[in-house]
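Subject: Handover of a structure, with notes

Dear colleague,

Please find below the structure that I am passing on to you. Kindly open it alongside this message, as the notes that follow are meant to be read with the model in view.

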Amino acid sequence: MAAELIVVAGKLLVLATLLLTAVPVMVWVERRGAAFIQDRLGPNRVGPWGIIQPIADSVKLLFKEDVTPAGANRWLYFLAPMISVFVAMLTFIVVPFGDGKGVTILGVPLGSLMVASELEVGVLYLLAISSLGVYGIVLAGWSSSNKYSLLGGLRSSAQLISYELAMGLAVLGVILATGSLRLDEVVAAQSGKPWNVVPQFLGFLVFVVAMFAETNRLPFDLAEAETELVAGYHVEYSSMKFAAFMMSEYINMVTASALVVTLFLGGWTLPGVHLEGWLGLAVSLAVFLAKVSVFMWLFVWVRWSLPRFRYDQLMRLGWKGLLPIATVNLVLVAVGVALGWKWI
Amino acid sequence: MAPSTVHFVILAALLFGIGAAGVLLRRSGIAILLGIELMLNAGNLALVAFARQHGSLDGQVFVFFVMAVAAAEVAVGLALLVAIFRKQQAIDVDRLAIMRW
Amino acid sequence: MVMAVFVVAAVLAVVSALAAVSHRDPVVNVLSLVVTFFCVAVCFALLGAHFLAAAQVLIYAGAILVLFLFVIMLLGAPQTANDEARRPVQRTAGLALAAIVVVGGALLALTMQAVPPAAPVGSNAHAIGTAMLTTHAFSFELVSVLLLAAMVGALVLVRRKQ
């Protein structure tokens with residue numbers, strides 16, 4: 001019993017370290033990547049290649065004055081960024097980030113590297129927690145007592161709940177093909193046949209586009225862009241609360257990339273590689289991190305390459321574009337599963 | 001000692017009573033709808049507790065349908081509230097007195 | 001251990017339910033109700049209904065209450081003071097009725113025959129899905145028609161006459 005608790009605590013520790021170090025790394029990647037895409041150099045003074053720049057930024061944010069607007073509801077104003085960060089970090093516990101088949105720690109077989117390994121409704125838990133992320137944004141918009149904040153908050157929440165539907169339908173196609181709601185079984189079902197991105201390409205496209213909308217990243221970042229709505233729902237936030245919103249955005253990006261990799265690209269598996277023991281653990285972790293990094297770079301790449309969607313274009317794409325495509329994908333998968341196609 | 005059906009049903013009764021008090025004592029349409037949601041949840045909790053006691057899944061399926069019906073009812077109820085608000089600029093249900101004698 | 005979780009969830013549920021029906025700020029009402037729904041989801045999980053616990057958070061806390069928040073913010077709903085004190089008869093009657101319901105429910109529960117709860121079988125989601133689409137398929141279809149009707153109805157109700 002105690003050994004199992006220690007194993008779970010160890011997994012949680014690895015996960016928390018991964019997520020919290022991803023934020024400054026992503027800040028650096030974003031700034032240097034943006035610079036290279038824009039044919040300039042970016043921050044390169046603060047350390048070799050500017051890698052200490054995110055730390056300098058955090059220190060600066062820490063020392064900024066923490067202002068609360070005069071008419072703001074103090075408790076809600078304080079609560080909103082905390083909800084955002086908390087919900088962002090909570091979704092990762094059902095994602096398997098490696099495989100410890102054949103590894104035993106303190107007498108407990110490690111199994112899949114998933115923190116919540118007894119939760120049988122993995123994907124449903126994920127959808128439920130990500131639908132709670134709306135509260136952070138809508139409360140931030142409301143409690144700032146600023147009409148632009150409120151507009152930005154409402155628009156962003158409407159965008160989130162619209163794209164949640166398309167995302168859920170795309171995920172449903174994968175679950176239908178797998179036959180289980182657990183993400184480690186989704187990964188296991190993708191070994192031995194082409195990864196889900198091949199037979200469910202439509203679902204993959206829908207999920208990636210919905211992912212951009214769910215994390216409020218360009219081209220769907222109308223609600224928080226500096227040139228629109230004066231930065232939307234986090235305009236009245238400064239210092240650490242603003243840092244909390246930025247952190248929650250980057251952690252959401254990591255979670256979304258991890259989800260794409262797990263659902264459509266085989267998770268921590270490589271085709272034809274079946275290692276066991278500690279070597280297998282290290283290799284699976286490295287493969288997972290590599291795949292997630294590819295999608296994190298995709299986020300940065302798309303941000304600095306594409307223009308922004310207008311709000312009505314955004315809503316039209318979500319409801320009239322992605323939802324029908326996701327439904328078609330689901331019908332195709334259902335037909336495939338019913339007819340018993342091997343590669344679906 | 002694990003919580004038995006009795007514990008859950010008493011909790012459900014408490015929540016139902018609080019929801020009923022909310023519906024009867026509040027004047028704002030939104031607060032009344034919130035009380036209704038609370039009552040529906042209390043009913044769901046009792047249903048699931050009894051379903052586990054009898055070892056049948058029918059109670060849980062029923063709860064799922066109740067959730068769907070509650071969602072439909074909230075959507076229509078809030079749409080009604082919005083329509084009322086456009087008319088009288090307030091959501092006070094006491095002012096909806098046109099059809100009273 | 002399980003009992004401790006239940007007690008915490010129950011106390012939190014009752015406290016936040018009281019806040020949900022009595023506070024004057026509608027946004028605080030909705031947020032307290034979110035906490036209540038979370039506690040009810042915890043109770044569902046304790047009862048072995050994991051699918052329902054996730055569905056509860058997904059549907060109630062994640063969609064229905066967000067809709068409430070939208071309507072509150074769009075209407076700019078003012079904080080209505082609890083002026084039921086102006087009508088003491090109705091207030092007493094309402095509280096008495098609620099008390100009768102609570103006491104009646106509790107008595108009913110306590111006089112029930114104690115049947116030991118059966119063990120849950122298999123994966124909850126799988127079992128519920130099978131039951132819903134075989135035994136209760138007709139109700140399933142009816143509920144989907146109901147949701148469609150509600151959607152159309154809500155859209156019609158909020159249309160502006162052009």
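In what order do the elements of chain C run from the N terminus on? They run α-α-α-α-α-α, and chain C accordingly has six helices and zero strands.

Please keep in mind that this is a predicted model. It scores ipTM 0.91 and pTM 0.90. Chain A has an average pLDDT of 87, and 98% of its residues score at least 70. For chain C the average is 86, and 86% of the residues score at least 70. Within chain A, the mean pLDDT of an element is lowest for β2(A), at 74, and highest for helix α7 (residues 201–214), at 94.

Chain C

Of the 162 residues in chain C, 38% are buried. Among the contacts in chain C with a separation of 6 or more, 52% are between residues 24 or more positions apart. Chain C is divided into domain 1, residues 1–78, and domain 2, residues 120–162. The C-alpha centres of domain 1 and domain 2 of chain C are 22 Å apart. Where these domains meet, four residues of domain 1 of chain C are in contact with four residues of domain 2 of chain C. On the domain 1 side, two of the residues are nonpolar, two are polar and none is charged.

One helix of chain C deserves a separate look. Helix α4 of chain C covers residues 88–110, which is 23 residues. From its first C-alpha to its last, α4(C) reaches 33 Å, close to the 33 Å expected at 1.5 Å a residue. In α4(C), the residues C:Ala98, C:Val101, C:Gly105 and C:Ala109 are buried. The buried residues of α4(C) pack against α1 of chain B.

How the chains meet

Chain A and chain B, by contrast, do not touch, and their nearest C-alpha atoms are 14 Å apart.

Local features of chain A

Chain A contains a hairpin made of β1(A) and β2(A), with two residues between the strands. Strand β1 (residues 99–105) and strand β2 (residues 108–112) of chain A pair in the antiparallel sense over four bridges. Within this pairing, A:Thr104 stands opposite A:Pro109 in β2(A). In the hairpin, A:Leu106 takes a positive phi near 55°.

Most residues other than glycine have a negative phi, and most peptide bonds are trans.

Two further residues of chain A with a positive phi may be compared. A:Asp39 is not a glycine, yet its phi is about 65°. This residue is placed in the loop between α1 (2–37) and α2 (53–63) of chain A. A:Asn216, also a residue other than glycine, has a positive phi near 60° and lies in the loop between α7 and α8 of chain A.

Is each of these residues buried or exposed? A:Asp39 counts as exposed because it has 6 C-beta neighbours inside 10 Å, and a residue is exposed at 12 or fewer. A:Asn216 is buried because 24 other C-beta atoms lie within 10 Å, and the cut-off for a buried residue is 20 or more.

The loop between α7 and α8 (239–264) of chain A also holds A:Pro219. The peptide bond from A:Leu218 to A:Pro219 is cis, with omega near 5°.

With kind regards

Notes:
Residues numbered from 1 in each chain as written. Chains lettered and ligands numbered in written order. Predicted model: local features only at pLDDT ≥ 70, side-chain atom pairs only at ≥ 80, totals over all residues. Pairing = 2+ DSSP bridges. Contact = placed C-beta atoms within 7 Å. Expected span 1.5 Å × (residues − 1). Domains from an automatic or database assignment. Nonpolar A, V, L, I, M, F, W, Y, C, P; charged D, E, K, R; others polar. pLDDT = per-residue confidence, 0-100.
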